[in-house]
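Good morning, and thank you for coming. I would like to walk through one structure with you, beginning with a loop and ending with a pocket.

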Amino acid sequence: MNPMALIKVKGLIDKFSSNHPKVVLFLKNCGRELREDSIVELKITNPEGKEMCTNMRITKEDIELFQQIKDIKG
């Protein structure tokens, strides 16, 4: 990976963490329970009240990606 791109991604992760501390804390706490074959559900409600929802089953590759993101965060 390009070192400058890595620095940019780390900055974006830091900004997200600063803007959404509750989400970051939730993800840290879920990290203990999140493992292969877990189901993650995402729900979005837009300003007009329209809801969209989906879910996904966590794979081994997803866990590896989450670990890499965690390593970038430091």
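**A loop, a helix pair and a pocket**

S38 sits in the loop between α2 and β1. Helices (H or I, at least four residues) and strands (E, at least two) are DSSP runs, numbered from the N terminus. Please note that this is a predicted model, in which local features need pLDDT of at least 70, side-chain atom pairs count only at pLDDT 80 or more, and totals for chains, interfaces and linings use all residues. Residues are numbered from 1 along each chain as its sequence is written, and side-chain values use heavy atoms, with hydrogens and water left out.

Is S38 buried or exposed? S38 counts as buried, because its relative accessibility is 17%; buried means under 20% relative accessible area, exposed over 50%, and partly exposed in between (1.4 Å probe, protein chains only). Leaving aside residues up to four places away in sequence, S38 touches E33, M56, R57 and I58, where contact means heavy atoms within 4.5 Å.

D37 belongs to the loop between α2 and β1. Its phi is near 75°, a positive value in a residue other than glycine. D37 is partly exposed, because its relative accessible area is 49%.

E36 is placed in the loop between α2 (21–30) and β1 (39–45). With a relative accessible area of 47%, E36 is partly exposed. Residues up to four places away in sequence again being left out, E36 touches I58, T59, K60 and I63. E36 and E61 are 25 residues apart in sequence, and 8.9 Å apart in space, C-alpha to C-alpha.

Let us turn to the helices. The axes of α1 (residues 3–19) and α2 come within 5 Å and cross at roughly 105°. Axes are lines fitted to C-alpha atoms, for helices over the stretch in contact, and angles run from 0 to 180 degrees between N-to-C directions. The two helices, α1 and α2, are therefore roughly perpendicular to each other (65 to 115 degrees; under 35 is roughly parallel, over 145 roughly antiparallel, and the rest oblique). F16, S17, S18 and N19 of α1 make the contact with P21, V23 and V24 of α2.

Finally, which residues lie nearest the centre of the largest pocket? They are V24, L27, K28, L34 and F66, among 27 lining residues. A pocket is an open set of points on a 1 Å grid over the protein atoms alone, where a 1.4 Å probe fits, with protein on both sides within 12 Å along at least five of seven lines; lining residues have an atom within 4 Å of a point. At least two residues of this lining come from each of α1, α2, β1 and α3 (60–73).
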